[in-house]
Amino acid sequence: ELWGNSSAVLWENSSAVLRGNSSAVLWENSSAELWGNSSAVLWENSSAELWGNSSAELWGNSSAELRGNSSAVLLENSSAELWGNSSAVLWENSSAVLRGNSSAVLWENSRAELWGNSYGISYSIKECKLHDHAIYRIRETNEVRYVDESIRFVKVEEEES
């Protein structure tokens with residue numbers, strides 16, 4: 001447990017609570033709770049809760065909850081809930097709930113719920129629930145999905161290079 005402008009490196013079955021402008025590197029079956037402008041790298045079956053302008057990279061069967069202008073990269077069977085102007089990259093059978101002006105890239109059989117002015121993109125069709133002004137693009141079919149009738153799509157001419 002570290003306070004102030006703290007930093008921690010934890011190995012094996014580790015756990016950390018960090019406050020202020022903190023940073024943490026955790027391995028194996030680790031857990032971290034970070035506040036302020038924090039950053040965390042977690043491996044294996046890890047979990048992280050980050051606040052403020054935070055960033056997290058999670059591997060294995062990981063879970064992350066991020067607030068503020070946060071970013072998360074999740075692999076394997078991961079889950080993330082992001083708020084504010086957040087971004088998430090999800091792999092395998094991942095799940096994400098995004099709020100505010102968020103962005104998500106979905107891989108494999110991922111699930112996402114987009115809120116506010118969020119934007120989601122995937123190569124093939126994924127399970128994606130849209131709310132408010134959120135937009136979801138499927139690259140395989142070049143299809144754009146949205147729920148807000150006030151959204152307008154305007155075609156522009158391609159610029160020559």
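Tyr146 comes out at 37% relative accessibility, so it counts as partly exposed; the band for that label runs between under 20% for buried and over 50% for exposed. Keep in mind that this is a predicted model. Tyr146 sits in strand E18, which covers residues 143–146. On the surface, Tyr146 teams up with Val144 and Phe153 in a nonpolar patch, and together the three have about 270 Å² of accessible area.

Now step past that strand. A salt bridge needs the nitrogen and the carboxyl oxygen within 4 Å. What does the side chain of Asp148 make a polar contact with, then? Its partner is the side chain of His133, at 2.3 Å. If you skip the neighbours within four places in sequence, Asp148 is in contact with His133 and also with Asp132.

Over to a tryptophan elsewhere in the chain. Trp59 lies in a loop, with strand E7 (55–58) on one side and strand E8 (63–66) on the other. Is Trp59 buried or partly exposed? With 28% relative accessibility, Trp59 counts as partly exposed, because buried would take a value under 20%. Have a look at Trp91 as well: Trp59 and Trp91 are 32 residues apart along the chain, and 9.7 Å separates their C-alpha atoms.

Key. Residues numbered from 1 in each chain as written. Predicted model: local features only at pLDDT ≥ 70, side-chain atom pairs only at ≥ 80, totals over all residues. Heavy atoms only, no water. Patch = residues over 30% accessible without salt bridge, like charges linked within 9 Å, V, L, I, M, F, W, Y side chains within 5 Å. Areas by Shrake-Rupley, 256 points an atom, 1.4 Å probe, with all protein chains shown as cover. Salt bridge = Lys/Arg side-chain N within 4 Å of Asp/Glu carboxyl O. Helix = DSSP H or I, 4+ residues; strand = E, 2+ residues; numbered from the N terminus. Buried < 20%, exposed > 50% of the residue type's maximum accessible area, 1.4 Å probe, protein only. Polar contact = N/O pair within 3.5 Å; in protein donor to acceptor, adjacent residues only side chain to side chain. Contact = heavy atoms within 4.5 Å.
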